[in-house]
Structures are given as structure tokens and as C-alpha cells.
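Subject: Structure for you to look at

Dear colleague,

Here is the structure I promised to pass on, together with my notes on it.

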Amino acid sequence: MQSPLPVRDGVNATRLRLPDEGPWDTAMDYMMHRWGHIDPQGIEDRFDAGEIVGEGGIPLDRATRLEDHTFIWYYRTLPPETRIPVELDILYQDEHLLVVDKPHFLPTTPGGTYIQESALVRLRNQLELPDLIPMHRLDRMTAGVLLLSTNPETRGRYQVLFEKRQVQKEYECVSAAEPAPGYPAVDFPVVVRNRMTKSRSYLLAEVIDGEPNAETRIERLETFDGGARPGAAVTHPAHRLARYRLEPHSGKTHQLRVHMASLGLGIVNDAFYPDLLDKAPDDYTKPLQLLARGIRFVDPISQKPVEYRSRLELSEAVRTRP
């Protein structure tokens, strides 16, 4: 549903669905029920200023009845955010697409404590593109190629490619060169298939019984000594690390991290898999060693094959190079 309020400071207006019935006479009564314990005066001031609107941008006031609107829109008061010390790199831009290298630690879209400090809001403000929308997402801790639509009129043609799985993605990671004790040896390349699920109430993705819905092809590219360098991550008693190419044929949350961990090859600096570590402040010296290396597809506008490649490198792999 199209918001009647424009993007402001790179952030969309918040949409709220009003209940069909309840012990509230007005829309303001309901908002007071939801958020009055936080800022009751602020809610009253917004209604008085006409800053809360319904469909068509009709301003609501204190007396607007609950049943008069199904959806209302308003701008959130954004808390101050500490800037994440990473930068985006623009790889390609035209009248339809923007392709960037998203760094580790920066979320793709606003959420939780990260609003202004998200790739989408930064780019909207930096490039003055309020209609910018990501075509897919990368986890906050994953770096690499991110594709965004700059043109609402052609956006649907790119969205169809993702819906029909006509986009090929390639990732790289650094993990142990051999599986952890207790796991069988792996004959590469290998294809991992299983059934994954993730609920909103649970932090981790889980592998469950049932028809596979997640598939990844994994190839080992090179091995190197991971324990000989000062400060290098130690993930395996032998201290041998390897760089892997990952080709997902589905897009489940945390799929690559789960599939690597299932082989006894948990990705270096992964705080979730195979073991969930206690939450700690971000350590910018130890990024998750997972990178979206490339993305390719037949462009629906030009009808030509295109490929975009990341210019980033995984720090654990770079350390081995002269």
C-alpha cells in the first residue's frame, strides 16, 4: 500500500493498522494505549499538528473515530545513532539500478537500533534517491554485492527475476580447512540440502525433518595457514583455514552459515553457528568471513547478461597474500 507521506531523511513513514473494534473511541485513544506510556504529550502534539494521516493524506485529529480509518501513517521520532565506521562503495548506477558493495556490520534496511545507520537510508540521503528500494537483502554481518532499484516504474521487472530464481548469486567464506573433530571428511565440491526454518521469536535458523527447501553448492578454492599470523582467528586445532565458493540455490535466512556449520566448517568469526555466543559489542577487527562475491542475471531492460562483482576481500584470506 502506497504511503501518502513522502520519505523523510531517508526513512519511510510508519504505517499502523487500527483495530476494527475495541475499548477505544478514537484513533488517538488507541495510540495512547500503545505508546502513551512513552510520550503522551508527543502523541497529542502530532494529532494537533495534523502530522498523523490516513489514506489519501487526510490529517487526523484528537476526535477522529477509530472506525474512520483502517491504516494511518506518521513519522517516528528517530533516536540519535552512533555512526558505524564503515563505508559503502558504488559499483554501478544507471536510471534503473544501483549496485553497491555493502560492508560488514551495516544492515541493509532500517530495523531495531539501526535506522539512519543502514545501507538503504545512507544511500537515499547520499544520492538523494527517496524511491530507492533493495531488491534483496544481506545480513548485517555479511558484506558484498547489493542490488537496489532506483526506478519505481521498472522495479517490478527486476523483482520478478528474484521471485522466479533467475538470479545467480556467488559467495565466498573463510572457514577451517578440515571439519572439526566428530564430523566426517568432506569430498569437495559438495551440495548440502536440508529443510530449514526460522521463526521471528527465535534468533537462530534451525534444520528440521522434511522435504529439503535449502540447497548450497560448496567448493574449496584454496587452503592456507590460519594460525601463523599474529591475531589470526583460531577455529581448528590444526590452524589450517580455507577459502570456499558458495552457490546458494535458495535463499533461506542464515542458509550459508548453517550449511557450513553442518559440515563442521563454521565460518570464521560467526557468533551464531555452530555455537551461539554471548552478545557483545561489534568488534570491527573481526568481521564475519562471509562475502557476497557476485550476482548475475539477464537484465530485463537490455535483455543482455550482466554480472556485478564485489571489490571487497575477506580479511583472513588477504593476510596470506604477499
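This is a predicted model: local features need pLDDT of at least 70, side-chain atom pairs count only at pLDDT 80 or more; totals for chains, interfaces and linings use all residues.

The chain is built from six helices and 13 strands, and its C-alpha trace spans about 70 × 45 × 40 Å along the principal axes. Of its 322 residues, 46% count as buried.

Helix α5, which runs over residues 255–262, is mostly covered, with seven of its eight residues buried. These buried residues are Q255, L256, R257, V258, H259, M260 and A261, so you will find that R257, a charged residue by class, is among them. What covers the buried residues of α5 includes a series of strands, namely β7, β8 (190–197), β9 (206–208), β10 (214–225), β11 (240–248) and β12. After α5 comes G264, which has a positive phi, near 80 degrees.

In helix α1 (residues 27–35), the buried residues are A27, M28, Y30 and M31. They lie on the same side of α1, because the arc that they cover around the axis is only 155 degrees. The partners against which the buried residues of α1 pack are β1 (14–17), α2 (40–48) and β2 (71–74).

A buried arginine

Helix α2 also contains R46, and this arginine counts as buried because its relative accessible area is 18%, where the cut-off for buried is under 20%. Leaving aside residues up to four places away in sequence, R46 touches E51, I52, Y74, Y75, R76 and T77. For one of these, Y75, the separation from R46 is 29 residues in sequence, while the C-alpha to C-alpha distance is 9.5 Å.

Aromatic pairs

How many aromatic pairs does a search of the whole structure find? The search finds nine. One of them joins F71 and W73, whose ring centres are 6.5 Å apart and whose planes meet at 40 degrees, so the pair counts as tilted. Both residues fall under the 20% cut-off for buried: F71 has a relative accessibility of 11%, and W73 has a relative accessible area of 2%.

Y92 and Y308 form another tilted aromatic pair, with 5.3 Å from centre to centre and 35 degrees between the planes. This pair links distant parts of the chain, since Y92 belongs to strand β3 (residues 89–93) and Y308 to strand β13 (residues 305–309), 216 residues apart. Is Y92 buried or partly exposed? At 32% relative accessibility, Y92 counts as partly exposed, whereas Y308, at 10%, counts as buried. Y92 and Y308 also belong to one aromatic cluster, together with Y158 and F297.

Cavity and pocket

A search of the whole structure finds one cavity of 30 Å³ or more, and the space in this largest cavity is about 30 Å³. Its lining is made up of H136, L138, V145, K169, Y171, A292, G294 and I295. By class, five of these lining residues are nonpolar, two are polar and one is charged. At least two residues of the lining come from each of β7 (168–176) and β12 (290–298), and β12 supplies the largest share, three residues. Both β7 and β12 were mentioned above, as they are among the strands that cover the buried residues of α5.

The second largest pocket has a volume of about 390 Å³. Of the 17 residues that line this pocket, Q2, S3, V7, N12 and I133 lie nearest its centre. By class, the pocket lining has ten nonpolar, three polar and four charged residues.

With best wishes

Technical notes
Residues are numbered from 1 along each chain as its sequence is written. Side-chain values use heavy atoms; hydrogens and water are left out. On a 1 Å grid over the protein atoms alone, a cavity is a set of points where a 1.4 Å probe fits but cannot get out, and a pocket is an open set with protein on both sides within 12 Å along at least five of seven lines; lining residues have an atom within 4 Å of a point. Grid points are joined across faces, edges and corners, and a volume is the space filled by probe spheres set on the points. Helices (H or I, at least four residues) and strands (E, at least two) are DSSP runs, numbered from the N terminus. Buried means under 20% relative accessible area, exposed over 50%, partly exposed in between (1.4 Å probe, protein chains only). Contact means heavy atoms within 4.5 Å. The arc is that of the directions from the helix axis to the C-beta atoms. Rings of Phe, Tyr and Trp (its six-membered ring) pair if their centres lie within 6.5 Å; planes under 30 degrees apart count as stacked, over 60 as edge-to-face and the rest as tilted.
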